[in-house]
Amino acid sequence: MTTLQKGDQAPNFTALDQDGQAHKLSDYLGKKVVVFFYPKANTPGCTTEACNLRDHFARFQDNNYALLGVSADNAKAQSGFKNKYELPFPLLADDDKSVINAFGVWGPKKFMGKEYDGIHRTTFVIDENGKIEDVISDVKTKAHAEQIFK
C-alpha cells in the first residue's frame, strides 16, 4: 500500500492537532517520532491502539520518542477522543488528508465484504534525522508499543 519504506526520508508535513496547534516534522529533529495513522477516533480498534500507546508513554519519553496520532477526523472529534481516554500525545486532525496522502496510507479497504477508501492502520517510526526507521503495517492494537520497541 504505502510506497514509503525503511531508509526513506519522511515527508515533512505540517498539520494542526486537536487544539489547532501546528506540528511540523521538522519541529521534532533530534527526537525519534512515532507517527501512527488510525482509521477513526473513538472506534474500538483505534481506542485499543491509542490506549496501548498511552499506557507505555513514559517508556517512549524515556527513550526520546515523540508520538503523533493521525486520522482524517476533525479537530473536535480528535479533541473528544484525546480527552475521553486521557491521551498524552497530540492527535493531528488531517481532515484534508494531506499528511495521510503524503505517507501513502489512504486507499481501498474491505470491511464485511464492502470495498471503500479509507486509512490503512500504519505506523512509521522516524529517526532523529527524519529518516524512516521502521514501517509497521500489521499493527497489533493490543501490543503496539511492543511492536515499536521490538
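A salt bridge, as the term is used in this talk, is a side-chain nitrogen of Lys or Arg within 4 Å of a carboxyl oxygen of Asp or Glu. Under that criterion, the side chains of K150 and D134 meet in a salt bridge, with an N to O distance of 2.8 Å.

Before going further, a word on the basis of these values. The model is predicted, so local features need pLDDT of at least 70 and side-chain atom pairs count only at pLDDT 80 or more, whereas totals for chains, interfaces and linings use all residues. Residues are numbered from 1 along each chain as its sequence is written, and side-chain values use heavy atoms, with hydrogens and water left out. Helices (H or I, at least four residues) and strands (E, at least two) are DSSP runs, numbered from the N terminus.

K150 lies in the segment after helix 5 (144-149) and D134 in strand 9, so the pair ties together parts that are 16 residues apart in sequence. For accessibility, buried means under 20% relative accessible area, exposed over 50%, and partly exposed in between, with a 1.4 Å probe and protein chains only. K150 is exposed, at 72% relative accessible area, while D134 is buried, at 12%.

How many salt bridges does a search of the whole structure find? The search finds seven. One of them joins the side chains of E49 and R121, at 2.7 Å from N to O. E49 belongs to helix 1 and R121 to the loop between strand 7 and strand 8, so this pair ties together parts 72 residues apart in sequence. E49 counts as buried, with a relative accessibility of 0%. K140 also forms a salt bridge with D138, where the closest N and O atoms are 3.1 Å apart. Here K140 is partly exposed, at 42%, and D138 is exposed, at 52%.

I turn now to the sheet. Two strands are taken to pair if DSSP finds at least two bridges between them. An open sheet of five strands has the order 5-4-3-8-9, with mixed pairing. Its edge strands are strand 5 (91-93) and strand 9 (132-136), each of which pairs on one side only. From one strand to the next, the twist averages 20°. Strand 3 (residues 32-37) and strand 8 (residues 122-126) run antiparallel and are joined by five bridges; F37 has T122 as its bridge partner in strand 8.

Helix 3 packs on this sheet and touches strand 4 and strand 5, its direction making about 165° with that of strand 5. Contact here means heavy atoms within 4.5 Å; axes are lines fitted to C-alpha atoms, for helices over the stretch in contact, and angles run from 0 to 180 degrees between N-to-C directions.

Which residues of helix 3 are buried? They are Q78, S79, F81 and K82. These residues cover an arc of only 165° around the axis, which puts them on the same side of helix 3; the arc is that of the directions from the helix axis to the C-beta atoms. What covers them includes helix 1 (44-55), strand 4 and strand 5. On the other side of helix 3, K76, N83 and K84 are exposed.

D73 counts as buried, because its relative accessibility is 8%. Its side chain makes a polar contact with the side chain of K40 at 3.2 Å, and the D73 side chain also reaches the backbone nitrogen of A41 at 2.7 Å. A polar contact is a pair of N or O atoms within 3.5 Å; within protein, one must be able to donate a hydrogen and the other to accept it, and residues adjacent in sequence count only if both atoms are side-chain atoms. Not counting residues up to four places away in sequence, the residues that D73 touches include Y38, Q78 and D94.

With 9% relative accessibility, H23 counts as buried. The side chains of H23 and Y28 are joined by a polar contact of 2.7 Å. Leaving aside neighbours within four places in sequence, H23 is in contact with several residues, among them F13, L68 and P90. The C-alpha atoms of H23 and F13 are separated by 7.9 Å, the two residues being 10 apart along the chain.
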